[in-house]
Amino acid sequence: MRILHISSARSIGGGERHLADLAGALIRRGHEVYAALSTRSTLQDELKSLPHANIFRLRLRNALDLGSALELARLVREHEIEVVHAHLARDYPLAALAVARARGSKLIITRHVLFSLNKLHAVTLRRVARVICVSRAVERALLAQKIFPARKLTVIPNGIDFRRFDESLYGFDRATFRRQLQIEPESLLVGTVGEIKRQKGQEDFLRAAALVARRNERAHFIIAGADNTQTGERLESLKRLAAELGIAKRLHLTGWMDQVAPLLASLDVYVSASHTESFGLTIAEAMAAGLPVVATATEGAREIIAQGGAGRLVGVGDHEALAASVLQLLEDEEERARLGALAGAQARARFGLDRMAEATEQVYLEVVGAKVGNDSDPFGVSIPF
């Protein structure tokens, strides 16, 4: 099939890694894959498996960017695209209008987050062929909004490219990696990964770290992730808080890391202090690295961890409970090893990229082979082109 992925993302997060991994897997399965990206996007660096000619740069400014919708429609017609797959809410209306203009192609959207869609989405997505939800929590949120019938929703959890994950650990030496981060090899290292923003709970992580540091002098802490604000104020705020809590010398800030597997393999305990997670890809990656996980009980974390008991869950925003669980694991090497082994086995059984790609491919095949509504009038309204 000929498939066009659309993403106006300016920075790289879980949804963008999902898109890049899915695109690569679809190419390996024999499909012709294209990508339409924002002119300001850095996602092209992650799409190494796509030919350069298959990547298009558009403005993709917002959900009302009619010029970009027309350009997308032209690309869909010229390349005889069969499936248009959009990944961000602001791109959904543009993709829908492009499919309406080009006709003959089918629209798929993936919903990566729990936030509500708006009235524009309710109008423009009436005839969407299928909505892929990255978790049951996302499916429940969409059903509650009553925009899509249940038959159009398909749950396909995010997948991890274990081949690339394991390749990045080839020749990995834990002690050497820690020294490069200026951390003594015998330290106990607790870490978290994610964009630096309030929803990811890095402040709660630091408050828990301060409590752990008082009880365990070997404990060090690491935060990996980018501050995508123009001024870098979020990162500076974390630095100030670490100084106030007296843990600045035991905190290590790495910024964005292209390869997260070596960092995860250097940890003793992984922490997710998020306030909300629709899935929690880094939790699944930490599990794949054989790490015991302590996570706040967000929707996504409950879905990943509670089902198999391969980690500890605490209340959202409860840094004291977070610290207590981390301390228990740091003081019990046997339990760390047991949970880590269980987590690794579960992650590789449940979250493989091939499973995700095969399930997505099946959705494409179903919609391309089916008549979904009236392609000439996909919204039931007059389209002003």
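In which sense do strand β4 (residues 83-86) and strand β5 (residues 106-111) pair, parallel or antiparallel, and over how many bridges?

Modeller: β4 and β5 pair in the parallel sense, over four bridges. Two strands pair if DSSP finds at least two bridges between them. This is a predicted model, where local features need pLDDT of at least 70 and side-chain atom pairs pLDDT 80 or more, while totals for chains, interfaces and linings use all residues. Residues are numbered from 1 along each chain as its sequence is written, and side-chain values use heavy atoms, without hydrogens or water. Helices (H or I, at least four residues) and strands (E, at least two) are DSSP runs, numbered from the N terminus.

Axes are lines fitted to C-alpha atoms, for helices over the stretch in contact, and angles run from 0 to 180 degrees between N-to-C directions.

The pair belongs to an open sheet of seven strands in the order β3-β2-β1-β4-β5-β6-β7, with parallel pairing. At the edges stand β3 (55-58) and β7 (153-155); each has a single partner strand, so one side of each lacks a neighbour in the sheet. From one strand to the next the twist averages 20°. Helix α2 (residues 66-78) lies across β1 (2-7), β2 (32-38), β3 and β4, and runs at about 160° to β3.

Some loops around this sheet are worth a look. E80 sits in the loop between α2 and β4. E80 is not a glycine, yet has a positive phi of about 50°. Most residues other than glycine have a negative phi. With 52% relative accessibility, E80 counts as exposed (over 50%; buried is under 20%, partly exposed in between, with a 1.4 Å probe and protein chains only). K146 likewise has a positive phi, of about 60°, without being a glycine. K146 lies in the loop between α5 (136-145) and β7, and at 72% relative accessibility K146 counts as exposed. T39 is placed in the loop between β2 and β3. Leaving aside residues up to four places away in sequence, T39 touches R57, L58 and R59. The C-alpha atoms of T39 and I55 are 11 Å apart, for a separation of 16 residues along the chain.

Elsewhere in the model, strand β8 (188-193) pairs with strand β9 (residues 219-224) in the parallel sense over six bridges. L188 stands opposite A219 in β9. Six of the six residues of β8 are buried, so β8 is largely enclosed by the rest of the structure. L188, V190 and T192 point to one side of β8, and L189, G191 and V193 to the other.

The expected span is 1.5 Å times one less than the number of residues. Buried residues of α8 include F205, L206, V212 and A213, and the buried residues of α8 pack against β8, β9, α9 (233-245), β10 (251-255), β11 and α13. Helix α14 (residues 333-350), with 18 residues, reaches 26 Å, close to the 26 Å expected. Among the buried residues of α14 are E335, R336, L339 and G340. Their cover includes α6 (162-167), β8, β11 (269-272), α11 (281-288), β13 (311-314) and α13 (319-330).

In α11 is E285, which is buried at a relative accessible area of 7%. Beyond residues up to four places away in sequence, E285 touches R17, I160, F165, V260 and L264.

Finally, helix α1 (residues 14-28) packs with helix α15 (residues 353-368) at an angle of about 75°, their axes 9 Å apart. H18, D21, L22, A25, L26 and R28 of α1 meet L353, M356, A357, T360 and Y364 of α15.

Definitions and conventions:
Contact = heavy atoms within 4.5 Å.
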